[in-house]
Amino acid sequence: MIVALDVAIGLIFFYALISLLCTGINEFIAGVFRLRARTLHNEISKLIDNDEIRSAFWNSGLVRALCRDCSDFKYVGPEGEGSVGPKEAPSYMDSSVFAIALQRAISDTSDPDRAHEKLSDLVPEDSFLKSAVTEIEIAVGGGISDIRKGLADMFDAAMERTNGVYRRIISSVSLAVALIVVAILNADTIQLAQTLSKEDVLREQCEAIAQDH
């Protein structure tokens, strides 16, 4: 009975170590490939579905201030030279920053003579963003602070989806890492249990380490 308990403790300790190892590898991969920043960039870029407004948004001072090494890079892509790309995008963005940057991006890409018009009138017709901004204006009125609050709420709702996308990506990475680690370590539960049941010293060492932690 005591041997069986010690074997169980040894197995738990072994797989706890594997879990910690996998967690560390996951965090390393997420950091190196900037998975959260890439996911955020992709989802915001889909939300702002007009090339000109999207470019103005990612190139705005508010957004660039959040980015990594944005003062030095010269990114050339769909958003244009100098715009923030997936590699430079911030990992997090406050909804108020998004709202102000988007409002300014819409205004700055429109004809200056139309500055007095409603924000929704400045968004091109063939855009999801047009519908979203129009609905916000209808819901909250025409005040710029209320509109920014509505844009911030839209961003928060989009981030709920973004978090779900990121969790699915990390889950896939975690599964792949776990399979590779288990294969490399040849983690055979039955064989490990048999080894622990036969090796008194190994069993005692696992129990001692588990008690220390």
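Helix H2 covers residues 35-47 and has 13 residues. From its first C-alpha to its last, H2 reaches 18 Å, close to the 18 Å expected at 1.5 Å a residue. The model is predicted. Buried positions in H2 are Leu35, Ala37, Thr39, Leu40, His41, Glu43, Ile44, Ser45 and Leu47.

Arg34 is not a glycine, yet it has a positive phi of about 50°. Is Arg34 buried or exposed? Its relative accessible area is 12%. The cut-off for buried is under 20%, so Arg34 is buried.

Next, helix H5. This helix spans residues 95-108. H5 has 14 residues, which should span 20 Å at 1.5 Å a residue. The end C-alpha atoms of H5 are 20 Å apart, so the span agrees with expectation.

| Helix | Residues | Number of residues | End-to-end C-alpha distance | Expected span |
|---|---|---|---|---|
| H2 | 35-47 | 13 residues | 18 Å | 18 Å |

In H5, the buried residues are Ser95, Val97, Phe98, Ala99, Ala101, Leu102, Gln103, Ala105 and Ile106. What do the buried residues of H5 pack against? Their partners are H2, helix H3 (51-58), helix H4 (61-64), helix H6 (128-140) and H7.

The crossing of the two helices is right-handed.

Which residues meet where H5 and H7 pack? H5 contributes Ser95, Ser96, Phe98, Ala99, Ile100, Leu102 and Gln103. From H7 come Ile144, Arg148, Leu151, Ala152, Met154, Phe155 and Asp156. By type, the residues of this contact are nine nonpolar, three polar and two charged. Ser95, Phe98, Ala99, Leu102 and Gln103 are among the H5 residues that meet H7, and they are also buried.

Finally, the protein as a whole. It has nine helices and zero strands. Its elements, from the N terminus on, run α-α-α-α-α-α-α-α-α. The protein has 213 residues, and 38% of them count as buried. Among contacts between residues at least 6 apart in sequence, 68% join residues at least 24 apart.

Definitions and conventions:
Residues are numbered from 1 along each chain as its sequence is written. This is a predicted model: local features need pLDDT of at least 70, side-chain atom pairs count only at pLDDT 80 or more; totals for chains, interfaces and linings use all residues. Side-chain values use heavy atoms; hydrogens and water are left out. Axes are lines fitted to C-alpha atoms, for helices over the stretch in contact, and angles run from 0 to 180 degrees between N-to-C directions. Helices (H or I, at least four residues) and strands (E, at least two) are DSSP runs, numbered from the N terminus. A crossing is left-handed if the near helix is turned anticlockwise from the far one by less than a right angle, and right-handed if clockwise. Contact means heavy atoms within 4.5 Å. Ala, Val, Leu, Ile, Met, Phe, Trp, Tyr, Cys and Pro count as nonpolar, Asp, Glu, Lys and Arg as charged, and the others, Gly among them, as polar. The expected span of a helix is 1.5 Å times one less than its number of residues. Buried means under 20% relative accessible area, exposed over 50%, partly exposed in between (1.4 Å probe, protein chains only).
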